[in-house]
Amino acid sequence: MEYRDLVIIGAGPAGLAAAISAYEQGIRDILILERENFLGGILNQCVHNGFGLHTFHEELTGPEYASRYIDKLSDLKIEYMLETMVIDISEMRNVIAINEKRGVMEIQAGAIILAMGCRERPRGALNIPGSRPSGIYSAGTAQKFVNLDGYLPGREIVILGSGDIGLIMARRLTLEGVNVKMVLEILPYSSGLKRNIVQCLDDYDIPLKLSHTVTKIHGSERIEGVTVSQVDEDLMPIPGTETYVSCDALLLSVGLIPENELSRKANVTINPKTQGPIVNERLETSRPGIFACGNVLHVHDLVDYVSEEAALAGKNAADFIKNVSSEGLEVEIFAGDGVRYTVPNKVNPINVEKYLPVRFRVTKVFSQATVLVEFDNLPVHKKKKTIMTPGEMEQVFLPKSWFTERPFLRKITVRIEGDENA
């Protein structure tokens with residue numbers, strides 16, 4: 001067994017930013033473990049622009065954004081292992097990993113940062129009737145085929161789900177000469193960013209059919225078409241609304257799931273709403289010394305927020321290694337009416353520096369509603385928002401002074417009040 005001060009699992013944008021942040025806090029014994037044969041994670045196949053506006057104040061492609069961190073990692077000579085699969089983590093921060101050169105490795109870590117990212121929800125989670133022909137792909141797989149491997153998944157394509165990857169692939173495939181017939185969304189609103197709806201669908205005249213879904217897949221060896229149906233308020237198909245649409249490929253953009261199999265092995269407590277770990281203001285999980293950041297914690301819509309969150313995880317992991325800690329009573333943070341979840345889930349006010357960022361997603365589309373923050377049921381913050389959608393992450397910043405003024409605080413609630421759509 002070997003010992004490392006800090007082990008980071010995953011070398012995507014979260015893992016890279018966390019490693020650099022920990023290094024800047026004085027930690028030198030850092031090891032990043034990555035199962036792929038390259039650094040940068042999913043960013044390498046995201047050749048579209050729109051990255052880096054918050055972090056670098058300029059518009060970059062995914063590979064360009066990743067290269068900024070990879071170059072800095074190289075300059076700092078932070079150690080990493082590629083093609084290395086972590087297969088187990090214990091509560092006591094014992095890591096088991098394997099790769100071709102070294103075989104089985106056992107590493108005792110002073111601290112661990114979980115940065116494994118997320119995966120796409122598969123067809124099996126949708127229960128779509130029909131056969132199992134070829135030509136059905138997740139949108140991210142199709143993105144890899146087109147942008148990295150140089151293959152087209154089909155020539156006439158239907159996209160199910162309006163997540164950001166699906167919207168971006170609708171544009172990308174159109175630019176490659178593919179006929180993207182439509183994007184279907186079972187909900188009455190899109191789950192993607194508004195800018196992607198405009199830039200990827202509206203600008204290319206690609207129809208977005210809300211409250212519609214695929215109710216049957218046709219074809220034996222290769223997909224030949226799908227049956228599209230309208231759904232009611234309970235998301236159930238409406239009889240008589242079925243339409244047959246021919247296609248030679250179906251892309252699924254129906255949600256992302258944080259990759260937390262390893263977290264569960266370490267007996268980390270998982271939030272059922274996010275499928276990511278429950279964390280405090282330090283992004284520390286229920287297991288001391290195990291931190292989480294990025295899409296393994298909760299699915300983000302901007303990589304800039306991933307990097308910002310990961311930098312905080314790296315700093316706090318460094319503090320843990322250096323035995324810098326503060327004792328105090330933790331305050332629970334609750335998701336109230338209209339809020340699906342919050343990150344973090346609890347806070348030790350002593351550890352709040354200038355302010356505490358609380359990120360959250362709403363449960364539905366809200367129009368002209370108010371974000372309300374309550375300390376022990378008393379309002380301390382109100383902000384009117386013109387529009388809020390589940391596809392876009394919201395955040396509030398709670399100043400340190402609000403905590404020092406209330407030394408006996410026990411509960412924080414974030415909720416939505418008022419709605420023109422109601």
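Which residue takes a positive phi just after α2? In this predicted model, that residue is K77, with a phi of about 60 degrees.

**Figure 1. Helix α2 and its surroundings.** Helix α2 has 15 residues, and the distance from its first C-alpha to its last is 22 Å, close to the 21 Å expected at 1.5 Å a residue. G62, Y65, A66, Y69 and L73 are buried in this helix. The buried residues of α2 pack against α1 (13-24), β2 (30-33), β3 (79-81) and α7. K77, just after the helix, has a positive phi of about 60 degrees.

**Figure 2. Aromatic rings on and around helix α2.** The structure holds eight aromatic pairs. One of them joins Y65 and Y69, a tilted pair with 5.5 Å from centre to centre and 40 degrees between the planes. Y65 and Y69 are four residues apart in helix α2 (residues 62-76), so about one helical turn separates them. Y65 is buried, at 0% relative accessibility, and Y69 is buried as well, at 13%. R68 lies over the face of F56, at 5.0 Å from the ring centre.

**Figure 3. The tilted pair of F375 and F403.** The ring centres of F375 and F403 are 5.5 Å apart and their planes stand at 40 degrees, so this pair is tilted. F375 belongs to strand β22 (residues 366-375) and F403 to helix α8 (residues 400-404); the pair links distant parts of the chain, 28 residues apart. F375 counts as buried at 2% relative accessibility, and F403 is buried with a relative accessible area of 4%.

**Figure 4. A charge over the ring of Y23.** The charged end of R28 sits over the ring of Y23. The distance from the charged end to the ring centre is 3.8 Å.

**Figure 5. Helix α7.** Helix α7 (residues 303-321) has 19 residues, which should span 27 Å at 1.5 Å a residue; the end C-alpha atoms are 27 Å apart, in agreement with this value. The helix is mostly covered, with 14 of its 19 residues buried.

**Figure 6. An open sheet of five strands.** The order of the strands in this open sheet is β20-β18-β25-β22-β23, and their pairing is mixed. The edge strands, β20 (346-347) and β23 (378-388), each pair on one side only. Strand β18 (residues 331-335) runs parallel to strand β25 (residues 411-417), and four bridges connect them. In this pairing, E332 stands opposite K411, and A335 has V414 as its bridge partner. Strands β22 and β25 pair in the antiparallel sense over six bridges. V371 stands opposite I416 in β25. Strand β25 is mostly covered, with five of its seven residues buried.

**Figure 7. The salt bridge between R102 and E2.** A search of the whole structure finds 25 salt bridges. One of these joins R102 and E2, whose closest N and O atoms are 2.8 Å apart. R102 lies in the loop between β5 (94-99) and β6 (103-114), and E2 in strand β1 (residues 2-9), so the pair ties together parts that are 100 residues apart in sequence. R102 is partly exposed at 45% relative accessibility, and E2 is partly exposed at 21%. Salt bridges that share partners join E2, R4, D29, E79 and R102 into one network.

**Figure 8. E259 and its two arginine partners, R35 and R119.** E259 forms a salt bridge with R35, with the closest N and O atoms 3.7 Å apart. E259 lies in the loop between β16 (256-258) and α6 (261-265) and R35 in the loop between β2 and α2, so this pair ties together parts that are 224 residues apart in sequence. E259 counts as buried at 14% relative accessibility, whereas R35 counts as partly exposed at 47%. The side chains of E259 and R119 also meet in a salt bridge, at 3.4 Å from N to O. R119 lies in strand β7, so its pairing with E259 ties together parts that are 140 residues apart in sequence. R119 is partly exposed, at 32% relative accessibility.

How values were computed: Residues numbered from 1 in each chain as written. Predicted model: local features only at pLDDT ≥ 70, side-chain atom pairs only at ≥ 80, totals over all residues. Heavy atoms only, no water. Pairing = 2+ DSSP bridges. Helix = DSSP H or I, 4+ residues; strand = E, 2+ residues; numbered from the N terminus. Phe/Tyr/Trp six-rings, centres within 6.5 Å; stacked < 30°, edge-to-face > 60°. Buried < 20%, exposed > 50% of the residue type's maximum accessible area, 1.4 Å probe, protein only. Lys NZ or Arg CZ within 6 Å of the ring centre and 35° of its normal. Expected span 1.5 Å × (residues − 1). Contact = heavy atoms within 4.5 Å. Salt bridge = Lys/Arg side-chain N within 4 Å of Asp/Glu carboxyl O.
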